[in-house]
Amino acid sequence: MTRRLDETLAWAGDGAAHLRGLMARMGDDAFAAPSGLPGWSRAHVLSHIARNADGMINLLTWARTGVPTPAYASAEARDADIEAGATRSPAAIRDDVVDSSDRLAQAVREMPAQAWSAHVKNVQGVEIPATDIPWIRAREMWIHAVDLDVGASLSDLPVPMLVEVVGDVVRVVGAKPDCPPLRLATTDADRSWVLGDGTGAEVRGPAASLAGWVLGRSRGKDLRTSEGTKPPVLPRWL
């Protein structure tokens with residue numbers, strides 16, 4: 001799927017502003033409360049978002065210089081940084097999220113035009129074009145804003161971005177052997193997808209509802225299949 005760089009950069013910038021607004025409304029006692037992700041507090045989610053910014057800077061550096069610079073030294077180092085970061089004060093976490101986001105924005109501004117055509121490897125070790133880096137960041141910002149469980153929802157995302165999110169998840173989940181055959185269609189955008197061989201029921205609904213279901217953020221209670229049943233549980237995306 002080819003996405004316009006200007007569009008993904010805008011989504012990433014809007015996601016950063018959205019997250020800052022949410023943090024501004026969070027009292028200090030809210031940071032230690034559970035997030036929507038099992039085992040993680042809101043402080044964990046915000047620390048992850050900050051370290052993700054640094055990881056994206058590493059990938060931009062790779063694209064700009066040609067020197068392999070993985071997003072994270074290792075999965076273990078990434079997890080350790082998040083755990084350590086979650087123990088900090090709310091003020092320190094807020095500052096880190098803002099400062100790391102600003103550093104990433106500066107790195108984007110410093111990217112030569114030709115560097116966007118370079119290829120790097122994402123966290124899963126898959127080769128991707130550098131133009132995918134802002135998209136990965138946008139996805140992280142908007143989805144994890146929902147995971148904070150402080151009032152944000154997937155309905156906050158622009159519908160075109162939701163369509164891209166569903167498409168990303170379908171490409172991964174649909175290739176898994178335990179994925180049920182299904183057809184997906186949005187009711188607020190002219191888009192559809194096929195899971196497996198597409199011989200199963202059709203699941204229709206708003207893009208935000210479909211995104212929540214395929215991401216595993218909801219059970220799809222507001223969705224129905226063409227057979228009148230609730231949609232099945234899908235394999236995990238990442």
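Student: Is asparagine 122 buried or exposed?
Tutor: This is a predicted model, in which local features need pLDDT of at least 70, side-chain atom pairs count only at pLDDT 80 or more, and totals for chains, interfaces and linings use all residues. Residues are numbered from 1 along each chain as its sequence is written, and side-chain values use heavy atoms, with hydrogens and water left out. Buried means under 20% relative accessible area, exposed over 50%, and partly exposed in between (1.4 Å probe, protein chains only). Asparagine 122 has 18% relative accessibility, so it counts as buried.

Student: Which residue has its backbone nitrogen 2.9 Å from a polar atom of the side chain of asparagine 122?
Tutor: Asparagine 122 sits in the loop between β1 (119-121) and β2 (127-129). The backbone nitrogen that lies 2.9 Å from its side-chain polar atom belongs to valine 126.

Student: Is α2 roughly parallel or roughly antiparallel to α4?
Tutor: Helix α2 (residues 42-65) and helix α4 (residues 90-109) pack with axes 9 Å apart, at an angle of about 20°. Angles under 35 degrees count as roughly parallel, and over 145 as roughly antiparallel. The angle therefore makes α2 and α4 roughly parallel.

Student: How is α2 oriented to α5: roughly parallel or roughly antiparallel?
Tutor: The axes of α2 and helix α5 (residues 132-147) come within 10 Å and cross at roughly 175°. That crossing therefore makes α2 to α5 roughly antiparallel.

Student: Which residues of α5 make the contact with α2?
Tutor: Contact means heavy atoms within 4.5 Å. On the α2 side, the residues include Val45, His48 and Ile49. On the α5 side they are Ile133, Ile136, Arg137, Glu140, Met141 and His144.

Terms used. Axes fitted to C-alpha atoms, helices over the stretch in contact; angles between N-to-C directions. Helix = DSSP H or I, 4+ residues; strand = E, 2+ residues; numbered from the N terminus. Parallel < 35°, antiparallel > 145°, perpendicular 65-115°, else oblique. Polar contact = N/O pair within 3.5 Å; in protein donor to acceptor, adjacent residues only side chain to side chain.
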